[in-house]
Amino acid sequence: MASTAIQPRWNSSTRTPTQTLVLEEVLRRVGEAVLRRPEPPPVVTFDLDSTVFDNRPRQLAILSAFARAKGLTGAEELDFTAIDGWRVAVFAARLGGAAGREAELKAEFKSFWRDRFFTSEHCLFDHPLPGAGAFVQEVETRGAIVVYLTGRHEAMREGTVQSLHGGGFPGGTLVMKPTFEMTDTQWKEIAVAKIRELGEVVACFDNETTHVNRLWAAFPDAYVVWLCTDHSPEAEPLPDGTPHIEGFLR
């Protein structure tokens, strides 16, 4: 099968016929699995960052704190929707007062960002994608086990749980990396073994194309959905016909 890289985009407040069909297909598969074998219940997995949560508000909060610390201006005028999560250091070097020290500020911002982005308290800045909480609730109501399969590490658990609760998500099973140092890809390969023990995986959601491909390989009978939000610059191409959505509104 031919492969292609679908261009990501943040447009999670829209409804499209294709998006509706994809989400309804997930619910249909959950229902069929419950009828086929109610115990153990079927499993649906959801990544968190850029899948059910928009973490650009977290990025902007860190950028704004950095600007205040360095006496830079302009961050207060930015909207989080203008932020590119993979190029936040570039935004820092473009703020008022940065001229002539761009390289220095980029280097300083990277460590400033790292010390804050992967913390429990900064998770509270995240916004749920419109309709995400309601859809995940419906998946659980239809009889599935909801698993949050995330690259976040255990030190971020408290803030993550608070964000899920505040966003209207069901409790579900939160599967997190044991340590920060483990890569997301390494972790998700290990985590799939844990998830298999819970029941039949009928659907998965992730924004990273590399993870979409790994999930499909791990669960070949599952309906693996790609979120067209953002992804790593080293993203893998996806097979033609990969189900994809921009958000959770139907």
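## Salt bridges, a charged patch and a covered strand

Arg29 counts as partly exposed because its relative accessibility is 26%; buried means under 20% relative accessible area, exposed over 50%, and partly exposed in between, with a 1.4 Å probe and protein chains only. This is a predicted model, in which local features need pLDDT of at least 70 and side-chain atom pairs count only at pLDDT 80 or more, while totals for chains, interfaces and linings use all residues. Residues are numbered from 1 along each chain as its sequence is written, and side-chain values use heavy atoms, with hydrogens and water left out.

Side chains of opposite charge can pair when their charged atoms come close. A salt bridge is a side-chain nitrogen of Lys or Arg within 4 Å of a carboxyl oxygen of Asp or Glu.

| Salt bridge | Closest N and O atoms |
|---|---|
| Glu24 and Arg250 | 2.7 Å |
| Arg29 and Glu25 | 2.8 Å |
| Glu189 and Arg214 | 3.8 Å |

The pair of Glu189 and Arg214 links distant parts of the chain: Glu189 belongs to helix α7 (residues 184–196) and Arg214 to helix α8 (residues 209–218), 25 residues apart. Helices (H or I, at least four residues) and strands (E, at least two) are DSSP runs, numbered from the N terminus. Glu189 is partly exposed, with a relative accessible area of 45%.

Arg29 and Glu25 both lie in helix α1, 4 residues apart, about one turn of the helix. Glu25 counts as buried because its relative accessibility is 17%.

Glu24 and Arg250 form a salt bridge. This pair also links distant parts of the chain, 226 residues apart, with Glu24 in helix α1 (residues 17–36) and Arg250 in the segment after β10 (244–245). Glu24, Glu138, Arg142 and Arg250 are linked in a network of salt bridges.

Strand β8 (residues 223–227) is mostly covered, with 5 of its 5 residues buried. In a regular strand the side chains alternate between the two faces of the sheet. Tyr223, Val225 and Leu227 are buried on one side of β8, and Val224 and Trp226 are buried on the other. Strand β7 (residues 201–206) pairs with β8 in the parallel sense over 4 bridges, where pairing requires that DSSP finds at least two bridges between two strands. Tyr223 in β8 is the bridge partner of Ala203.

Arg94 lies in the loop between α3 (88–92) and α4 (102–117). Arg94 counts as exposed because its relative accessibility is 60%.
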